[in-house]
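This report describes selected local features of one protein model. The sequence and structure are shown first.

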Amino acid sequence: MPGPKRIPFHPGGYPLLRIALLYAAGITVGRALAPDPPQVALNVTGAGKSILLRDPGNMPVWSLASWDIPADPKLVTGVFLSALTLGVLFCLFIPLLSSRLAALHSLRFLHSLRLLGIPLVYLACITGFGVMQSYRFHAPQTTAASGMQAMQSAQAMPSAQKPQSVQKMQSAQKSQSAQKPPPALHEQHSVSGPIMRYLPLASEELLLQHFDPDMMVFCGMVLADRATRSGNRMMTVLVDSVQIDGLPTWRRPFRTEILVRSDSLQGAAGYRLHFSGDLQPLPRPRNPHQFDYASFLSRRDIHSQVFVSGILFFDPAGDPPFWIRQQIRIRTALNRLFSDENSGLARAIILGDRSDLDPGLRTGFSRAGLAHLMAVSGMHVGFILMPVWFVLPWFRRTPALRVAGLALGGSLLLCYAGVTGFSVSVSRASLMAFFMMLARLFHKPGTSMNILGAAALLLLVHDPMMLFDIGFQLSFLAVIIILTTLPGTRYMLPPAHRYRKTGALFQFVMVSVLVQGGLYPLLIHYFNEFSIAGPLSNTLAVPFVQFMFLWTFLCLAIGLFLPDMAALANIPGDLILTGLTVYVARIGAHPASWIEGTLPGSWLYGVWFFGTALLAGLRIPALRFKMAAGLLFCLVMLQSVQLHGQLRRPVLDVVFFDVGQGDAVLLKTPGGYHYLYDTGIWSPGFDSAERTIIPELKAMGIRRLDGVILSHPHADHIGGIVSLMHHMPIDTIYQSPAPHDTRLYHRYMELASRLNIPVRLLSTGQMITTDPAMPMLVLAPSDGIRASDPNNQSVVLMVLHGGTRLLLTGDAEEEAEEYLVEQFGPFLRVDLLKVGHHASRTSSTAPFLDKVRAPEAVASLGLRNRYQHPHTEATRRLLDAGTFTRFTSLEGAVIYRSDGEGYTNVPW
C-alpha cells in the first residue's frame with residue numbers, strides 16, 4: 001500500500017541525536033575557549049656530545065611537564081558545576097512557586113518560564129559537559145616526569161660519581177651564566193652560539209630533539225607501516241625506551257612516526273626495532289591551505305617524528321599487541337588470495353588499509369566517486385553481520401538466547417573493527433549495527449536517527465577531538481543525509497513503480513546522488529575537488545565490489561584448510577579488482593568526471609543545511625515552509641557577501657609561499673589578475689609546483705595565471721615551471737635574458753614553444769601594465785651590471801599600488817645592488833622588500849638597504865639548508881637598517897595586503 005502523502009512533524013523526536021548534536025556544539029565551543037599549549041623558551045647550547053637545557057629560571061631540565069598550564073581546569077569545573085546547580089534549583093523552584101500561586105492571573109507567565117527554563121538547563125548541561133571534555137582533551141596535561149627526577153638526583157651526586165655527560169652539562173651551565181643574552185630571533189639560524197628555542201608543552205619526548213642523534217638508540221614495536229611517494233617507508237612505532245649515552249635510560253613510552261629511507265622493511269608491522277635517528281616535532285602547515293598533518297597525528301597521540309639514520313636491530317618474531325597480530329594474519333591471507341597487482345587494492349577495500357596503494361590509483365578512486373569503497377563502512381559491516389542477522393529471530397526465544405545472540409553479533413563486530421584498526425567509519429557502523437541488533441533482540445523499537453545519535457555520542461565521549469576528524473564528519477553526515485532524504489525520494493516515482501524493481505534501482509542510484517550532493521561543501525572545503533561521475537560509477541561498480549567482498553571472505557574460510565584451493569577459487573574476485581582498476585584509471589583521468597572549486601563563502605553551509613532539510617521535509621507541511629525560508633535567506637546572504645566583495649576597495653595581496661630553499665611569490669592584483677614571481681625549487685623526487693604552488697592556487701580559486709615572471713634560470717627559481725605549464729593555463733612567461741644550459745631550462749623553453757606560450761625577455765626600463773591599477777617597473781637586469789652571472793642578472797621588479805611600493809629582487813647580489821643604487825638612488829625607497837638571495841652574505845648590502853629603507857621585508861629560505869642561510873652579516877645589516885624581517889623558514893608562508901596606503905601582514 002502506498003504511504004501517506006503528508007506526515008506530521010514531531011519536533012521532539014530523536015532525543016539521542018539532539019543530545020549528540022548539543023554535545024558536539026559544546027566540544028566546538030570548548031576547543032575555541034581552551035588555551036593554546038604554553039610555550040617555554042629554552043637556551044640550547046652544544047657542549048661536546050651533551051646538550052645544556054635551561055628554562056627561563058636557569059634550571060637544568062629534562063622534562064617539560066613540570067610547568068603549569070596557564071588556566072586551571074579545576075576552576076572551569078567549579079564554575080560549570082556552580083552554574084549547573086543554580087539552574088537545577090531554578091527549575092525546581094519555578095514549578096513549586098507556580099503551583100502555590102496559580103490562582104493569580106498575573107503570575108501565569110511562571111508556567112511559560114518553567115517550560116522555557118527546563119530546555120535551557122538541559123541544553124546548558126549537555127553543551128557544558130562537551131565544553132569540559134573538549135577543554136580536558138585539548139589542554140596539555142602536566143605530570144611528574146621520571147627524567148626530571150633522574151636529572152635532579154644526578155645533580156646531587158658527588159662529582160666523581162656523576163656521568164661524564166652530566167658533568168659537561170653542569171660545567172657548560174656555569175660558563176654560560178656569564179655570557180651575554182642570546183641573539184635576536186632573526187639570527188636563529190646561526191650555527192654557533194646559543195639558540196633560543198620555543199617549545200610547546202605538548203609531549204615530553206619532544207625534549208629528546210635537543211640531544212645529538214648519535215647519542216640515542218630508540219627501542220620499540222612497529223604498529224603500522226606504509227609506503228611514501230618517494231618509495232621509502234613511514235612507520236608508526238610505540239617506543240618503550242630510549243638509550244642515551246652517559247645518561248639514564250628514558251623509560252616513558254610514547255608513539256612516534258619514523259621515516260626509513262628504504263623499502264627493505266615492507267610489511268614490518270609487528271617487528272621490534274632498535275634504531276638511531278633525529279627526533280623532531282611534527283611539521284606544522286607551512287602554507288595557508290596545506291593539510292594539517294600535525295593535528296591529524298596528534299589526534300592519534302603522535303607528537304613527534306624520527307628520521308632514521310640506521311636500523312641497528314630488528315626482530316620479526318616480536319610480541320605485537322593482539323589486534324596487530326590479527327591484522328598481520330589477515331593481510332598475509334589476502335596476499336595469498338590475490339595477485340601482486342591487486343593485493344594492495346584488496347586490502348584497501350576489505351580492511352581499509354591503503355598503506356601500499358599507488359597514490360595515482362587512490363586519486364583515481366576519489367575522482368571517480370568511489371573513494372568510499374576504501375573506507376570500511378556500513379556496507380562492509382552489514383556483510384560481516386549478515387549470517388547472524390538472518391538467524392536473530394531464533395535467538396529471541398529465551399532471555400539466555402537473546403544474550404547469546406547479542407554476544408555473538410557483538411563479537412563479530414568487534415573482531416572486524418579490530419582487524420581494520422577501529423577506524424571512525426567502522427566504529428560508527430559497528431555501534432549502529434550493535435544497537436539495531438539489541439533493539440531487534442529485545443523488542444525495543446528505535447529509530448535509525450536515535451541509533452546514529454547514540455553511536456556519535458559514545459565516540460565523542462571516548463574522544464571529543466574525533467569531532468574534527470575528516471572521516472568522522474564525512475561518515476556521519478553521509479548517514480544523516482541518507483536517513484533523512486532517501487525515504488522521500490521513493491515518492492518521486494509514479495505509484496506503479498515505487499515498490500517494484502525499478503523503484504529499488506532508482507533508490508540505489510539516488511543514494512549516491514544524495515550523498516555526493518550532500519557532501520559537496522565538505523569535499524570542496526577539504527579537497528577542492530568534487531566527483532561528477534560518482535552516481536554512475538557507484539551504480540556500475542558497487543554490485544561487483546559487494547560480490548567480491550562476500551566471495552573473498554568465503555575463500556578466506558576455505559584457506560584455513562586448503563590454501564591452494566582458496567587461491568584458485570578466488571580468481572573471480574581477482575578479475576573483478578583488475579576490471580575495477582582499469583575502469584577507475586579511465587574514468588578518473590577523464591576531465592569531465594570531476595571538477596575543481598572553492599567555497600564561495602561560509603553561507604554555503606547554510607544553503608547546504610536548509611536545502612537538505614527541505615528535501616527531507618517535502619512531505620512535512622510544518623517543516624517545508626520553514627526550510628524553504630531558511631534556504632532563501634542563506635542564498636540572499638551568500639549573494640550579498642559576494643556583492644560586498646566586488647564593491648569593496650580593490651587591494652593587492654602578496655603571498656610569499658614557503659617552498660623551502662627557493663622563491664615563489666604570488667601577486668593577486670586589484671584588477672583580478674594573478675602573477676607568479678618565480679616557481680620554487682626542483683630536485684629529484686620533489687617539485688615545488690606539485691607539492692605546494694598548484695594546490696595553493698587551486699585552493700584560492702585561481703585557475704589560470706596571467707603571467708609567470710622567472711627572475712633567473714636557477715633550479716630554485718624555475719623548478720616548478722614545467723608542472724605549472726602542464727596543469728594551468730599561462731598567458732605569458734617573463735624572464736631574464738641571462739642564458740643558461742641546463743636540462744630543466746631547455747625543457748620548459750621547448751614546452752612553452754609547444755604550448756604556444758609567449759616568452760618575453762625583460763630588461764631595465766620596461767613595464768608590465770596588464771593591470772592599470774598596479775604597474776610593475778623593471779629595474780634590472782641591465783648591461784650596466786658589471787657581473788654577468790645569473791644571480792646578478794635577476795629580474796628586479798618594483799610593484800606600484802596607490803602610494804605603496806614593493807621591491808622583488810630575485811637573487812640579486814652586491815654588484816646588482818650597487819647598480820640599482822647608482823641608477824635609481826632615492827627612487828628605491830619602498831614599503832615592502834623581498835630580501836635578495838635568501839639573505840645570503842653577498843646580498844642586502846648596507847648602501848642598498850640605506851636607499852630602500854623598507855620598514856618590513858620577507859626572506860624566503862629553507863630551515864635547514866646547506867648554504868647556512870640566512871647569514872649572520874645579512875641579518876645584522878637588516879636589523880641595523882631598522883627593517884623588520886620575516887623568514888619563511890620560521891613562519892611558513894607570509895601574506896601581505898596593500899590598500900594603496902600601506903602594507904599590513906595578514907595572519908593565516
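## Basis of the model

The model is predicted: local features need pLDDT of at least 70, side-chain atom pairs count only at pLDDT 80 or more, and totals for chains, interfaces and linings use all residues. Residues are numbered from 1 along each chain as its sequence is written, and side-chain values use heavy atoms, with hydrogens and water left out.

## Aromatic rings

The structure contains 20 aromatic pairs. One of them joins Phe609 and Phe610 in an edge-to-face arrangement, with 5.2 Å between the centres and 80° between the planes. Rings of Phe, Tyr and Trp (its six-membered ring) pair if their centres lie within 6.5 Å; planes under 30 degrees apart count as stacked, over 60 as edge-to-face and the rest as tilted. Phe609 has a relative accessible area of 46% and is partly exposed; Phe610, at 21%, is also partly exposed. Here, buried means under 20% relative accessible area, exposed over 50%, and partly exposed in between (1.4 Å probe, protein chains only).

Phe291, Tyr293 and Phe296 are linked into a cluster by ring pairs. Over the face of Phe296 lies Arg300, at 4.0 Å from the ring centre. Arg367 lies over the face of Trp594, at 3.7 Å from the ring centre. A charge sits over a ring if NZ of Lys or CZ of Arg is within 6 Å of the ring centre and within 35 degrees of the ring normal.

## Helix H23

Helices (H or I, at least four residues) and strands (E, at least two) are DSSP runs, numbered from the N terminus.

At the N-terminal end, Asp687 caps H23 through a side-chain oxygen 2.9 Å from the backbone nitrogen of Ala689. Just after the helix, Gly701 takes a positive phi of about 80°.

## Threonine 804

Thr804 belongs to strand S22 (residues 804-808) and is buried, at 1% relative accessibility. Its side chain reaches the backbone oxygen of His801 at 2.6 Å, and a polar contact of 3.0 Å joins it to the side chain of Ser898. A polar contact is a pair of N or O atoms within 3.5 Å; within protein, one must be able to donate a hydrogen and the other to accept it, and residues adjacent in sequence count only if both atoms are side-chain atoms.

Leaving aside residues up to four places away in sequence, Thr804 touches several residues, among them Val799, Asp831 and Tyr903; contact means heavy atoms within 4.5 Å.
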